[in-house]
Amino acid sequence: MSMQTETQNKETLEHLKDTQAPSTYIEQIPEGVSAVMETQGLNLFYNKTKQALKDVSLSFRRNEITALIGPSGCGKSTYLRCLNLMNREIPNCVFEGPILYNGKDINTKDVDVYEVRKHIGMVFQQPNPFAKSIYENIAFGPRMHGRKDKNYLNELVETSLKRAALWDEVKDNLDKSAYELSGGQQQRLCIARTIAMKPDVILMDEPCSALDPISTKKIEELMNGLKEDYTIIIVTHNMEQAKRVADYTAFFYVGNLIEYGNTANMFSNPQTPLLSDYLTGRFS
Amino acid sequence: METMNHGATIEQRKAQIAKSKRSDKIATGVLTAIVVLISVVLVAIVGYIIVGGLPHLSWDFLTSESESFRAGGGIGPQIFNSFYLLFLTMLVSIPLSLGAAIYLSQYAPQNKVTDFIKTIIETLSSLPSIVVGLFGYLLFVLYFGWGFSILSGAIALTMFNLPIMVRVIQQSLEAVPAYQRDAGLALGLTRWETTLHILIPEALAGIITGIILSAGRVYGEAAALIYTAGQTAPEIDLLNFDLTDPRSAWNVMRPAETLAVHIWKVNSEGVIPDIDVVAAGTAAFLMICVVIFNIAARFIGGRIHKKVTAQ
Ligand SMILES: Nc1ncnc2c1ncn2[C@@H]1O[C@H](COP(=O)(O)OP(=O)(O)O)[C@@H](O)[C@H]1O
Ligand SMILES: [Mg+2]
């Protein structure tokens, strides 16, 4: 990056901080198309003062994959963690504005966050299986929520592993520690663990960024199959990945939602100067 | 002439590599020597104590009462007292320290008050045991009127033990990566369920090691007990379960000299003719016990860890 663009970058940043409304383009969801989740004017502050999300209004269509893209530090993970209320676990993190799940606001005081997280699962950037056997990693969650029936759990483990394209590799070693799996296998195990909860929505925060290209490809392929039953929201810093897997894409910049629309349209024909600069590599 | 990245010739670079290989060898040699030296000293001490005392260990010595003036006394009551005090101390310390460590690592708000409490615990964990002993003497023995008793001793030992156990358990819990906790919460588990079913199993090896090490310290502790559990080992009856009877082994209000206190007392004010024999025998027995617990508990800890983590 040349000195000049760096300075320009800084200027854009300063500019964004000064003016409340950068030029944005948000494609509206047509009447009659169902949105499974939606945020309306979501604001978030870390340490009560540091604003990390500004007035983000965004809807997620059911059974589609939506990618959240943007330069690092722009608030993608922060936004994702609002959707299953994980930000409530961070001390002094305050976020306000309706977060609708199936039309009902879950960002309220009396909501049961544990119930919400059963329906809205999450896969993390770093594969994080439990220090338990492969079988236990999957059966654990449902069992903690009261599903104790052995036959049910056996079947659940098998179907979940199959959906996560891991069954063939581990079916003879279900008692082995999850830590003996490769990074890519561990991440698919984490996906299986999430599926086993029978969620509605699956949130993924850069699920492939710690993986090799072959493992990445496997996960991208299985995501396509999951679409039939789940709504997937995936954060990725990899624009090629967004193009490959996502039906819709949302572009964030310094806490603002700048552009949202159909993935193919957005990449071929960006509507905002910020996105077009980002796509041409003027900043990253 | 061919040059390397930083302008050095190949010859210069080769000389440099040869030199660093040499220093690597020297460093390895020095470090190995230090470790060997430490091991030799430790083995020598342990060996000296065990070899010197082993000939005096007989069934009779281990089971009979100690004598005050004549030769030929044993350490039966002291052995029982040591284990009983250890058991009572751990019974109180383990749940309290687990609770405190879980609170401090998972629930406490991140603020100055918490930091202050953590600093206090750190300070307390380096408190000299004689200070704990004298404090216990003033508070439990005199002020509460518990006298020289197992109860006073066990509570003093708990005070001495608790800060270290809290720290070790807290550190083992904090060593579990934050994304493990997030994984549990994201499955809709509560903080408590996450702590109980994910964090504790993963931290178990560290927790057990911490408990064993502090058990060894408690078992061999003398200074905290001299003025709390007392320096006398009255005749006791293991089969007497009347907890108010001063002759019952299980009565927590009776004085109870332990092995470590016995060694100290025999050496400092003993008038028996066979001081050397009794002291050497007791020390050897104490040492063997500590070694056995460490090995056994490590083994058990390893097995438990394997079982809960499938590793
Ligand atoms: N726990 C936190 N406390 C304070 N600031 C945070 C925290 N997490 C993230 N941030 C800040 O919020 C902004 C957005 O971060 P993040 O959502 O992680 O970005 P992205 O995922 O797009 O890379 C960054 O400036 C980051 O430093
Ligand atoms: Mg991120």
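How many helices and strands make up the secondary structure of chain A? In this predicted model, chain A holds eleven helices and twelve strands, where helices (H or I, at least four residues) and strands (E, at least two) are DSSP runs numbered from the N terminus.

As the model is predicted, local features need pLDDT of at least 70 and side-chain atom pairs pLDDT 80 or more, while totals for chains, interfaces and linings use all residues. Residues are numbered from 1 along each chain as its sequence is written, chains are lettered from A and ligands numbered from 1 in the order in which they are written, and side-chain values use heavy atoms, leaving out hydrogens and water.

A compact globule of 284 residues would have a radius of gyration near 19 Å, and the 20 Å of chain A agrees with this; the radius is taken over C-alpha atoms, and the globule rule is 2.2 Å times the number of residues to the power 0.38. Along the principal axes, the C-alpha atoms of chain A fill a box of roughly 60 × 45 × 40 Å.

Strands 4 and 11 of chain A pair in the parallel sense over four bridges, and Leu68(A) stands opposite Ala250(A) in strand 11.

| Strand of chain A | Residues |
|---|---|
| Strand 4 | residues 65-69 |
| Strand 11 | residues 248-253 |

Definitions and conventions
Pairing = 2+ DSSP bridges.
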